[in-house]
Number of protein chains: 2
Amino acid sequence: MSQPPNDGKATQQQTKAHNDGLVLSIIYEAEEISRAAIARRTGLSRTSVGEAVAELLGRGLVEEVGRGRSRGGKPPILLRVNVDARHLIGIDLSGEELRGAVYDLRGEMRHTVSLPRDGRRGAQALELTYVLLDRLVTAAEAPLLGLGIGTPGLIDVQRGSQVHWAVNLDWLDIPLRDLLERRYRLPVHVVNDSQAAAMGEYFFGSGHHSGNLVVIKSEEGLGAGIVLEGRLLHGDHFGAGEIGHLVFGDDGRVCRCGNRGCLETIASGAAIVQRSRAAALADADSALRAAAMGDLALDMEAVRRAYVAGEEAVRGVVHDAARGLGLAIATLVGTLNARDIVISGPVTRLGDTFLDAIRQQVHARSLAPLARDTCVEFSSLASDITALGAAAMLLHQELGIWPLRLPRHAD
Amino acid sequence: MSQPPNDGKATQQQTKAHNDGLVLSIIYEAEEISRAAIARRTGLSRTSVGEAVAELLGRGLVEEVGRGRSRGGKPPILLRVNVDARHLIGIDLSGEELRGAVYDLRGEMRHTVSLPRDGRRGAQALELTYVLLDRLVTAAEAPLLGLGIGTPGLIDVQRGSQVHWAVNLDWLDIPLRDLLERRYRLPVHVVNDSQAAAMGEYFFGSGHHSGNLVVIKSEEGLGAGIVLEGRLLHGDHFGAGEIGHLVFGDDGRVCRCGNRGCLETIASGAAIVQRSRAAALADADSALRAAAMGDLALDMEAVRRAYVAGEEAVRGVVHDAARGLGLAIATLVGTLNARDIVISGPVTRLGDTFLDAIRQQVHARSLAPLARDTCVEFSSLASDITALGAAAMLLHQELGIWPLRLPRHAD
């Protein structure tokens with residue numbers, strides 16, 4: 001289906017901004033490309049391309065890098081993105097540590113900071129966020145394009161990116177964007193942490209060419225970010241992808257949301273660690289028991305070792321998590337029919353056995369022709385996927401860059 | 001998030017077609033409107049509006065209808081859509097009867113035909129489809145814009161709208177659009193029946209203003225059509241909305257898809273009737289037993305009467321269906337966070353008690369802030385919702401009409 005008509009209020013200025021963004025996206029994706037090739041790829045006139053390139057050269061975002069191969073006449077001048085023209089700050093407020101990084105325009109990390117949250121909530125968590133950003137802003141070595149914030153909770157984009165509800169930070173109706181813009185005098189974009197992870201994967205992950213992508217993030221909480229036809233889905237109340245509170249059984253533990261048996265209580269990274277601890281304590285034979293009693297060393301790495309070693313109690317916990325994730329993915333396949341489903345977060349350390357158990361569940365629970373074409377993978381990005389995605393928001397919102405997924409060597 | 005840049009290949013001709021569609025959509029929605037008001041609403045220049053209107057007048061799609069109120073100068077000429085300039089044929093192949101209708105451009109039904117399928121499948125079902133369309137084409141009293149086909153199954157839009165898999169018609173890889181275009185020499189658009197129902201509701205249902213809408217259709221099968229940000233979602237393999245094969249328990253009946261316990265085996269209209277029959281046969285006290293043994297009169301209407309009369313066996317069946325639908329809707333709310341969820345099909349005859357049971361389940365199983373803002377309703381459209389939606393596809397694809405949901409009286 002073609003796109004519905006927009007409201008038609010495109011002004012010349014909007015057209016120009018659109019062309020600048022399009023030309024920059026082409027250069028970004030091609031790495032090195034001539035003005036003539038840009039015109040061929042975009043269908044824009046040479047004059048429009050020339051104007052957009054002049055603008056981008058003027059702002060220093062693009063630079064000329066010598067001559068390419070000739071197609072007959074004089075070899076053309078090649079253009080590329082100047083990766084240090086601006087830097088990006090992206091932070092991730094969803095974990096036990098608040099973390100963030102300074103990135104160049106290609107998402108290469110230049111500096112990173114992590115601060116243990118130590119249970120801080122409310123105003124104290126906000127203070128720690130300031131400390132994190134202060135350090136990153138100070139460390140930056142190029143002009144900053146802005147601050148990208150990945151935070152748990154429902155984000156009301158229409159009302160100044162207010163954080164409507166973030167249980168683990170105990171934030172209710174915090175006007176986060178306003179607070180940060182006032183403090184740092186930089187453009188700020190706030191996005192839900194799972195949606196940020198989806199942006200990270202869509203911009204920098206390995207080849208998601210259909211434009212449809214679901215990224216499931218399992219860490220302290222569990223949620224998904226959904227890209228459909230190349231657009232991040234927000235939902236009517238900014239809750240698209242809140243799959244952590246789907247329920248697939250009739251009972252189960254009380255979730256922090258108040259309901260019982262939510263997927264998050266079974267399959268979030270935190271839940272897997274907690275349930276493994278409980279299972280180890282209940283099992284006199286458990287090799288994990290000493291760690292569980294000490295409470296300190298029992299993290300996802302310890303769970304991974306026990307799982308790989310075949311410890312019974314932990315296998316049960318991990319199997320339940322795989323089943324829950326598989327059921328959730330089956331519903332995503334049935335609902336959205338997105339081919340690429342990517343799992344990110346500490347649970348990916350549980351490895352291929354875990355991934356296979358998830359895939360089996362997806363296949364058992366989905367319509368065969370849909371399941372056949374579904375790809376469930378772990379993300380190839382590291383633990384900074386959310387911070388990186390928050391930074392990618394800046395590339396998109398401030399520079400109009402968007403992955404075009406054009407066929408390579410089209411010309 | 002703003003829209004990603006398109007591929008930039010907009011030509012002047014595309015811009016013109018876009019403007020024509022936009023102007024026609026405005027006239028369609030406003031019912032009567034002047035050229036000046038169109039220019040104000042669209043941001044298009046008066047010249048562009050004038051050209052588009054001249055084109056639409058020339059094709060007879062729009063007509064002038066006297067003068068409106070003056071805003072100072074000469075009262076402006078008003079324009080409206082000429083509802084009989086073209087007619088639309090929409091058909092629905094998903095039920096026990098193949099049915100279809102001829103509609104005017106506002107979706108008013110002018111002629112309707114129903115043919116009992118009597119179990120016909122494969123080539124015989126295709127023959128019956130021809131009979132249905134022959135009758136409708138013959139009955140049409142205005143030039144036809146085309147044929148809109150709502151059919152069960154996965155529709156491969158990229159490969160000539162091939163019906164990839166339609167279990168109840170026993171169609172596998174049928175090139176339906178090609179067959180019909182060759183036979184009728186008219187534009188043909190083929191769409192999945194639930195997606196067609198979503199189009200019907202989005203175009204002609206009662207006020208879905210957010211641009212996000214899910215329509216669940218429960219009849220022979222069970223599926224959903226999803227409109228997100230004003231666009232019909234297809235999915236990577238044309239299976240978006242195939243929620244009939246979600247599974248919410250560990251066992252259950254074998255579904256025609258081969259899996260066990262699919263939602264369709266619990267909550268489709270056909271399943272509710274079948275399960276009520278089985279329950280009535282097993283219950284010596286059932287008032288429905290005689291009908292069940294006779295097998296003839298036991299339809300949704302008989303189930304409705306037994307349900308309203310409080311018959312125990314049927315209450316259990318209907319309660320299970322409500323629970324299944326509630327769980328499916330909870331997953332849609334958690335995944336898409338679409339506010340408007342509309343249920344259509346014969347199950348709506350089960351009335352408010354059934355609807356309330358569904359809503360209760362949705363609230364019990366969803367994140368509170370999302371559930372609070374979710375609206376679960378029965379469709380206000382009659383049983384022709386799918387045929388009407390298939391006809392709406394033609395309005396969109398052939399004329400570029402799309403619901404704009406502009407605030408009324410904006411000027």
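This is a predicted model: local features need pLDDT of at least 70, side-chain atom pairs count only at pLDDT 80 or more; totals for chains, interfaces and linings use all residues.
**Close-up 1. The five-stranded open sheet of chain A.** The strands follow one another in the order β6-β5-β4-β7-β11, and their pairing is mixed. At the edges lie β6(A), residues 109–116, and β11(A), residues 188–192, each of which pairs on one side only. Averaged over the sheet and with direction ignored, neighbouring strands are turned by 15° against each other. Helix α4(A), residues 122–139, also packs on this sheet, where it touches β4 (87–92), β5 (97–103), β6 and β7 of chain A, and its direction makes about 155° with that of β6(A).

**Close-up 2. The three-stranded open sheet of chain A.** Here the order is β8-β9-β10, with antiparallel pairing. Because β8(A), residues 154–156, and β10(A), residues 171–174, stand at the edges with a single partner strand each, one side of each is left without a neighbour in the sheet. From one strand to the next the twist averages 20°. Between β8(A) and β9(A), which run antiparallel, there are three bridges, and within this part of the sheet A:I155 stands opposite A:V163 of β9(A).

**Close-up 3. The interface of chain A and chain B.** The contact draws 72 residues from chain A and 72 residues from chain B, and the two chains bury about 5900 Å² between them, with 56% of that area on carbon and sulfur atoms. Between the chains, 21 residue pairs are counted in polar contact, both partners being at pLDDT 80 or more. Elements that give two or more residues to the side of chain A that touches chain B include α1 (12–30), β13 (222–228), α11 (312–336) and α14 (385–399) of chain A; of the elements, α11(A) gives the most, with seven residues. Sorted by class, that side of chain A has 30 nonpolar, 28 polar and 14 charged residues.

**Close-up 4. A salt bridge between the chains.** Two salt bridges are found across the interface of chain A and chain B. One of them is formed by A:E229 with B:R231, whose closest N and O atoms are 2.8 Å apart.

Note on methods
Residues are numbered from 1 along each chain as its sequence is written. Chains are lettered from A and ligands numbered from 1 in the order in which they are written. Side-chain values use heavy atoms; hydrogens and water are left out. Contact means heavy atoms within 4.5 Å. Buried area is the accessible area (1.4 Å probe) that two parts lose on being put together, summed over both. A salt bridge is a side-chain nitrogen of Lys or Arg within 4 Å of a carboxyl oxygen of Asp or Glu. A polar contact is a pair of N or O atoms within 3.5 Å; within protein, one must be able to donate a hydrogen and the other to accept it, and residues adjacent in sequence count only if both atoms are side-chain atoms. Helices (H or I, at least four residues) and strands (E, at least two) are DSSP runs, numbered from the N terminus. Ala, Val, Leu, Ile, Met, Phe, Trp, Tyr, Cys and Pro count as nonpolar, Asp, Glu, Lys and Arg as charged, and the others, Gly among them, as polar. Two strands pair if DSSP finds at least two bridges between them. Axes are lines fitted to C-alpha atoms, for helices over the stretch in contact, and angles run from 0 to 180 degrees between N-to-C directions.
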